[in-house]
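Dear colleague,

I am handing over the structure below and, after it, a short account of what was found. Please read the account with the structure open beside it.

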Amino acid sequence: MRFLPVVLAVARKDVRAELRGRELLPALAQFVVLALVIANFAFDLDLVQGPRLSPGILWLVLVFAGLVAFGRAFAGEKETGSLEAMLLTPAGPTAIFAGKALAAAILLAACEAVLLPAMAVFLGSPISPLVVVTVLLATIGMAALGCLFAALAAQTRARELLLPVLALPLWVPFVVVGSRAVQVAMAGHSLMPLPLAGQPLLILVDFDILFLVVASLAARFVLDD
Amino acid sequence: MEAVRARGLVQRFGRHVAVGPLDLALPVRGRLAVLGGNGAGKTTLLRVLATVARPADGRLELLGLDAGRQRERIRGRLGYLGHQTGLYPALTALENLEFFATLHGLGRRDAEAALVLVRLASAARRRVEQLSRGQQQRLALARAVLHRPELLVLDEPDASLDGEGRGLLAGLFDGRTVVMATHDAALARELCDRAMLLKAGRDAGNPWTLRVVGGD
């Protein structure tokens with residue numbers, strides 16, 4: 001069975017179902033805007049403090065939006081029995097998992113398309129291409145891990161509780177490195193003076209590769225056993 | 001040759017034995033009806049036979065292959081329909097079948113052919129959520145036979161089907177080995193050539209030769 005056609009078919013199916021059903025994206029967009037409004041009032045932000053606190057607020061909102069986005073990735077499939085139906089084809093659990101993770105990453109990226117402009121409006125955050133690239137790189141690894149744990153959590157009754165407990169500790173590296181890159185970018189500095197080994201974008205790429213490989217290897221056991 | 005061969009098959013949930021120990025032998029193109037009351041273990045047995053769940057103990061061969069070690073090879077030759085339809089409500093009937101056709105390495109023509117088989121061609125562009133429960137069941141049957149499996153494992157395939165829908169089942173079973181759980185003894189007699197009565201997960205014999213008191 002060819003890997004890529006299955007990955008694309010699963011991702012296309014998820015995105016299409018979401019665009020038709022409109023269950024997740026409107027809720028995520030609303031959550032993002034509300035979180036920024038709350039942050040605005042809670043921190044009593046002005047034009048000086050807003051950009052300074054932006055990196056922290058960005059990652060907080062992104063992490064919780066990710067929990068919502070990835071939490072739905074397998075819960076719906078489990079409820080309708082369609083996960084079983086997919087696994088009973090010769091497609092292979094790894095390809096199915098990769099397709100689900102790709103779709104979840106696309107949906108989170110759509111959420112980020114609302115988040116970043118909203119941050120510029122509400123907090124006066126300077127959004128540069130470097131900020132966008134950093135967030136997108138973190139999204140890849142977060143999606144791989146988030147979907148793996150979502151698949152695991154979907155098999156338990158307490159999935160809403162289990163997913164944050166499993167995913168948040170392993171997302172910390174993305175938050176630490178991503179925050180650093182976003183802080184530098186929002187301060188208007190370049191990443192070039194940093195040593196090669198300390199380049200946040202390279203570290204994020206390393207994390208992405210590591211977690212994509214680990215999640216792909218574990219997916220078979222999580223989904224099918 | 002036997003299409004299904006089980007020896008000492010057991011399935012447990014914690015310490016509760018849901019099925020077994022059970023021996024089973026079904027020849028190629030044989031049709032077995034699994035009958036029994038609620039909680040008798042029919043669904044659990046069918047999930048094991050469909051390779052959805054691994055048995056806790058015993059040996060299971062499907063289509064001459066070891067169900068534990070050669071699951072992927074079996075799955076391409078097996079069609080399963082459980083209690084849930086396994087369909088995507090927001091997608092159309094054709095989109096659902098096209099999706100599963102892709103996972104089987106098949107194309108749009110196979111999806112369209114399966115729709116014709118269950119007489120849902122006119123509903124091809126309707127979303128699953130707009131179909132009646134009976135039409136959804138037919139579509140789920142189309143999904144189960146889309147890839148022309150040799151072995152069909154069906155858990156109450158007649159659920160929500162009208163007379164015409166039930167009439168389709170005989171056509172879908174044609175030339176295939178079938179294991180089917182049902183509460184409808186008359187339908188089982190009509191479609192199957194042998195039967196097994198499950199009681200507390202154990203084979204209680206052939207209900208067509210037993211005098212069953214208080215059973216379904």
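In what order do the six strands of the open sheet in chain B lie? Their order is β6-β7-β8-β3-β9-β10 of chain B, with mixed pairing, where two strands pair if DSSP finds at least two bridges between them, and where helices (H or I, at least four residues) and strands (E, at least two) are DSSP runs numbered from the N terminus.

Please note that this is a predicted model, in which local features need pLDDT of at least 70 and side-chain atom pairs count only at pLDDT 80 or more, while totals for chains, interfaces and linings use all residues. Residues are numbered from 1 along each chain as its sequence is written, and chains are lettered from A and ligands numbered from 1 in the order in which they are written.

At the edges of the sheet are β6 (78-81) and β10 (202-203) of chain B, each of which pairs on one side only. Within the sheet, β7 (residues 151-155) and β8 (residues 177-181) of chain B pair in the parallel sense over five bridges, and B:Asp155 stands opposite B:Ala181 in β8(B).

As for the two chains together, 19 residues of chain A are in contact with 21 residues of chain B (contact: C-beta atoms, placed from the backbone, within 7 Å). On the chain A side, α1(A) provides the largest share, eight residues, and α1 and α4 (82-87) of chain A are the elements that give two or more residues.

With regards
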